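Here are some quick notes on the model, written as numbered points. Have a look at the fold first, then read on.

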Amino acid sequence: MKKLIFFQDQHLLGKAPLSRTLSWLVALMMALLTLALLFVLSIHQRATSLHDQLADRLTVQIVEADPSNRDRQKEAALHLLQSLSSVKSVHALSQQELEKLVEPWLGDHAASEITLPALIDFTILPHGDKQAIAAEIHHAAPSASLDDHGSSGATLLSFLSLLSSLLWSVILSLIFATIAIIALAVRSAVNGCHDKIILLSLLGAEQNRIAGLFCYKTGFDVFKGSVIGCAISVLIAVLSRRLLASLPTPIFHSDSINFLPLLFIAFLPIITVIIGVMTAHIIVLRMVEKR
């Protein structure tokens, strides 16, 4: 018998040897998988950015009822921080900046009703000793308290790390579920083409060629479903990004765009087709050999 050619002999197995819902099931799984992947990469990017912003950043807060004494201690602490070699940058918040910070909670006239503390933001070098800096600040400004942003943000970073781990477990589960769906669809297709497989074997068709026909149809259905699923997930991600960008809280979005996940998603349908074709080839060969 002449060797089967995939593109010319697809009619030998019928129009729909695989489950008609395979493409839509793969599309659903790929949409969930891609959304989970985009979410976990976004969380990782945000956690890395927060760690870089908060790890070496501290704030000096001077709470003093007497404005003159408060300003004196603020100047002393400011000059001290500017003279330290372990301090990378220093920024003393002005009265207008303080009023703007408390305005959402206390209203427009908060500064005239209460005494606002003096705040100094500064960033230290990686080798800086926070305890030694805190001791020198307390010596220069007795009313000062030091707020370590790295310690205060540790809980949030731990939560983001836990959430990322849970999402990776979901991604692995979706991958195994997708492989299981393809395997069940191929088994169903082989069982449905039992008579045709026997006839092709009697006519001299090689087992690899028969498996190749199933692999071609499986790859086509998987590719179609994965492309649809990825397109849906990217559309949802773009709409969600625009929605989150409109929120006033900047922690949910970033001005920088990381194109690496988009490049990976572009190759995701090809990776899915390779996994689907390999799964179909192994299953078909084993089931054809038993017949």
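1. A term to start with: a crossing is left-handed if the near helix is turned anticlockwise from the far one by less than a right angle, and right-handed if clockwise. The model is predicted, so local features need pLDDT of at least 70 and side-chain atom pairs count only at pLDDT 80 or more, while totals for chains, interfaces and linings use all residues. Residues are numbered from 1 along each chain as its sequence is written, and side-chain values use heavy atoms, with hydrogens and water left out.

2. By that rule, H2 and H5 cross in the right-handed sense. Helices (H or I, at least four residues) and strands (E, at least two) are DSSP runs, numbered from the N terminus. The axes of H2 and H5 (residues 130–140) come within 9 Å and cross at roughly 145°; axes are lines fitted to C-alpha atoms, for helices over the stretch in contact, and angles run from 0 to 180 degrees between N-to-C directions.

3. Who makes the contact (heavy atoms within 4.5 Å)? On the H2 side you'll find Ala76, Leu80 and Leu81, and on the H5 side Ile133, Glu136, Ile137 and Ala140.

4. Glutamate 75 is partly exposed, at 38% relative accessible area, and its C-alpha atom is separated by 9.5 Å from that of alanine 140, 65 residues apart along the chain. Arginine 70 counts as buried at 10% (buried is under 20% relative accessible area, exposed over 50%, partly exposed in between, with a 1.4 Å probe and protein chains only). Leaving aside neighbours within four places in sequence, arginine 70 is in contact with Ile62, Glu64, Thr115, Leu116, Pro117 and Ala118.

5. Now the sheet: an open one of 4 strands, ordered E2-E3-E1-E4 with antiparallel pairing. Strands E2 (87–92) and E4 (144–148) are at the edges with a single partner each, so one side of each has no neighbour in the sheet. E1 (residues 57–62) and E3 (residues 118–124) pair over 6 bridges; two strands pair if DSSP finds at least two bridges between them. H2 lies across E1, E2, E3 and E4, at about 10° to E3.

6. Last, the cores, meaning sets of buried Ala, Val, Leu, Ile, Met, Phe, Trp, Tyr and Cys residues joined through side-chain atoms within 4.5 Å. The largest has 37 residues, of which Leu22, Met30, Ile171, Val186, Phe214 and Val284 touch the most other members. A second, separate core of 17 residues includes Leu81, Val87, Ile120 and Ile133.

Conventions:
Contact = heavy atoms within 4.5 Å.
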